[in-house]
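Please have the structure open as you read.

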Amino acid sequence: MSDEADRAEQIEEARRIFAGSITFLRSAPSLKFLPDPIVKEVAFAGRSNVGKSSLLNALTNRNGLARTSNTPGRTQELNFFDVGGSEDAPPLFRLVDMPGYGYAKAPKDVVKQWRFLVNDYLRGRAVLKRALLLIDARHGIKDVDRDVMKMLDEAAVSYRIVLTKADKIKASELADVTARTIAEARTRPAAHPEIIATSSEKGMGLAELRAAVVEALE
Ligand SMILES: Nc1nc2c(ncn2[C@@H]2O[C@H](COP(=O)(O)OP(=O)(O)O)[C@@H](O)[C@H]2O)c(=O)[nH]1
Ligand SMILES: [Mg+2]
């Protein structure tokens with residue numbers, strides 16, 4: 001089979017999986033609430049307001065799956081979603097919505113709690129196959145994102161950068177930020193060398209991102 005046909009098949013398989021059942025499993029405010037690690041996980045991380053909830057909803061075609069919150073930096077929980085499976089069968093895998101970071105007004109103890117929760121999860125979770133690190137296309141990688149990239153590198157969790165809100169900038173600016181982001185990703189030990197540009201608003205990059213999630217499980 002040609003690479004192109006292969007790719008089309010991956011995209012179609014991912015589309016099918018994301019069109020199937022996806023259900024909220026539970027929130028884990030601390031490690032003791034983590035679900036049993038029975039299936040692989042792919043986690044979504046990013047600064048508060050980066051568009052993570054919008055992207056999860058767009059990816060799964062479900063409006064209320066991840067709540068688009070107007071109190072950034074408040075929810076310090078890992079949210080787990082089962083993809084596929086049924087009452088008699090385990091899920092195919094799980095999506096994990098990680099708590100947002102980088103909210104300027106977050107109290108110090110909240111920031112500290114975030115670091116403990118995220119670090120413990122990243123370091124101790126063998127079923128975590130990849131993190132998708134969301135970066136606002138208007139701003140590119142910021143120092144708070146670099147802190148998280150460092151955590152991922154040090155925990156040896158494979159991650160891939162996803163640009164969000166690509167509809168908000170011109171094509172030339174998107175080309176620029178894409179090139180800069182790829183260049184930086186390539187200096188990072190655990191980062192995937194390619195990135196994906198998305199817009200939840202316009203549906204851009206969603207099919208590719210779904211395929212990237214499924215590919216991360218292989
Ligand atoms: N134009 C545009 N706005 C977006 C997009 N994704 C999210 N937003 C907006 O950005 C804000 C934050 O989104 P949200 O998903 O709640 O971010 P979160 O804090 O990372 O979960 C909201 O006002 C969204 O409507 C996008 O792709 N394009
Ligand atoms: Mg959110």
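## Where α1 meets α6

In this predicted model, helix α1 (residues 3–19) and helix α6 (residues 206–216) have axes that come within 8 Å and cross at roughly 90°. Angles of 65 to 115 degrees count as roughly perpendicular, so α1 is roughly perpendicular to α6.

On the α1 side, the contact is made by Arg7, Gln10, Ile11, Glu13, Ala14, Arg15, Ile17 and Phe18. Helix α6 brings Ala207, Glu208, Arg210, Ala211, Val213, Val214 and Glu215 to the contact. Sorted by class, the residues where α1 touches α6 are eight nonpolar, one polar and six charged.

## The sheet

Now to the strands. Seven of them form an open sheet with mixed pairing, and their order is β1-β3-β4-β2-β5-β6-β7. At the edges you will find β1 (22–28) and β7 (196–197). Each has a single partner strand, so one side of each is left without a neighbour in the sheet.

For β1, follow the pairing with strand β3 (residues 78–83): the two run antiparallel and are joined by six bridges. One place to look is Ala28, whose bridge partner in β3 is Leu78.

## Helices across the strands

Helix α4 (residues 143–155) lies across β5 and β6. Relative to β5, helix α4 runs at about 170°.

How values were computed: Residues are numbered from 1 along each chain as its sequence is written. Chains are lettered from A and ligands numbered from 1 in the order in which they are written. This is a predicted model: local features need pLDDT of at least 70, side-chain atom pairs count only at pLDDT 80 or more; totals for chains, interfaces and linings use all residues. Side-chain values use heavy atoms; hydrogens and water are left out. Axes are lines fitted to C-alpha atoms, for helices over the stretch in contact, and angles run from 0 to 180 degrees between N-to-C directions. Helices (H or I, at least four residues) and strands (E, at least two) are DSSP runs, numbered from the N terminus. Angles under 35 degrees count as roughly parallel, over 145 as roughly antiparallel, 65 to 115 as roughly perpendicular and the rest as oblique. Contact means heavy atoms within 4.5 Å. Ala, Val, Leu, Ile, Met, Phe, Trp, Tyr, Cys and Pro count as nonpolar, Asp, Glu, Lys and Arg as charged, and the others, Gly among them, as polar. Two strands pair if DSSP finds at least two bridges between them.
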